[in-house]
Amino acid sequence: MDTITIKDPGHPGVQAAFLKGHLRMLSIGLKHSRMSATAILLKASALTGKPYKRGQYDAAIADLNAIING
């Protein structure tokens, strides 16, 4: 079985990819058991430098895509 190792989990592109997944789940109504939607949006704000209000998942996803795609 092949394993995948993330060599630099602190890299902004890696963080953006994981946050994007969380935000996509929130946008369809699924919730994370340990992180609130507010906490995830705050992490996205810290990464993108843009503030997000409750429910602005699509805007955060679009901004994170810009980081992921470089």
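Biologist: Which residues does Leu41 touch, not counting residues up to four places away in sequence?

Modeller: Please keep in mind that this is a predicted model. Leu41 touches Leu23, Tyr52, Lys53, Arg54, Gly55, Gln56, Tyr57 and Ala60, with residues up to four places away in sequence left out. Leu41 itself lies in helix H2.

Biologist: Which residues in H1 are buried?

Modeller: In H1 the buried residues are Gly13, Ala16, Leu19, His22, Leu23 and Leu26. They pack against H2 and H3. Leu19 is an instance: its relative accessible area is 9%, so Leu19 is buried. Leu19 touches Ile40, Lys43, Ala44, Leu47 and Leu64, not counting residues up to four places away in sequence. Leu19 and Leu41 are 22 residues apart in sequence and 8.6 Å apart in space, C-alpha to C-alpha.

Biologist: Where does Met25 lie, and how is that residue classed?

Modeller: Met25 also lies in helix H1. With 38% relative accessibility, Met25 counts as partly exposed. The C-alpha atoms of Met25 and Gly55 are separated by 12 Å, and these residues are 30 apart along the chain.

Biologist: How is the packing of two helices to be described?

Modeller: Two packed helices are described by the angle between their axes and the distance between the axes. Here, the axes of H1 and H2 cross at roughly 145° and come within 10 Å. H1 passes H2 in a left-handed crossing. From H1, Pro12, Gln15, Ala16, Leu19, His22, Leu23 and Leu26 meet Ala37, Ile40, Leu41, Lys43, Ala44 and Leu47 in H2. Sorted by class, this contact of H1 with H2 has ten nonpolar, two polar and one charged residues.

Biologist: At what angle do helix H2 and helix H3 pack?

Modeller: Helix H2 (residues 37–48) and helix H3 (residues 57–68) pack at an angle of about 35°, and their axes are 10 Å apart. The crossing of H2 past H3 is left-handed. Ala37, Leu41, Ala44, Leu47 and Thr48 in H2 meet Tyr57, Ala60, Asp63, Leu64 and Ile67 in H3. The classes in the contact of H2 with H3 are eight nonpolar, one polar and one charged residues.

Biologist: Which residues make up the largest nonpolar core?

Modeller: That core holds twelve residues in all: Ala16, Leu19, Leu23, Leu26, Ile40, Leu41, Ala44, Tyr52, Tyr57, Ala60, Ile61 and Leu64. Helix H1 (12–27), H2 and H3 are the elements that give two or more residues to this core. As for Ile40, its contacts are Leu19, His22, Leu23, Leu26 and Met35, not counting residues up to four places away in sequence.

Biologist: What is the place of Asn69, and is that residue buried or exposed?

Modeller: Asn69 is in the segment after H3. Exposed means over 50% relative accessible area. At 65% relative accessibility, Asn69 therefore counts as exposed. Asn69 and Thr38 are 31 residues apart in sequence and 25 Å apart in space, C-alpha to C-alpha.

Biologist: What share of contacts joins residues at least 24 apart?

Modeller: Among contacts in the protein chain between residues at least 6 apart in sequence, that share is 43%.

Conventions:
Residues numbered from 1 in each chain as written. Predicted model: local features only at pLDDT ≥ 70, side-chain atom pairs only at ≥ 80, totals over all residues. Heavy atoms only, no water. Axes fitted to C-alpha atoms, helices over the stretch in contact; angles between N-to-C directions. Helix = DSSP H or I, 4+ residues; strand = E, 2+ residues; numbered from the N terminus. Left-handed = near helix turned anticlockwise from the far one by under 90°. Contact = heavy atoms within 4.5 Å. Nonpolar A, V, L, I, M, F, W, Y, C, P; charged D, E, K, R; others polar. Core = buried A, V, L, I, M, F, W, Y, C linked by side-chain atoms within 4.5 Å. Buried < 20%, exposed > 50% of the residue type's maximum accessible area, 1.4 Å probe, protein only.
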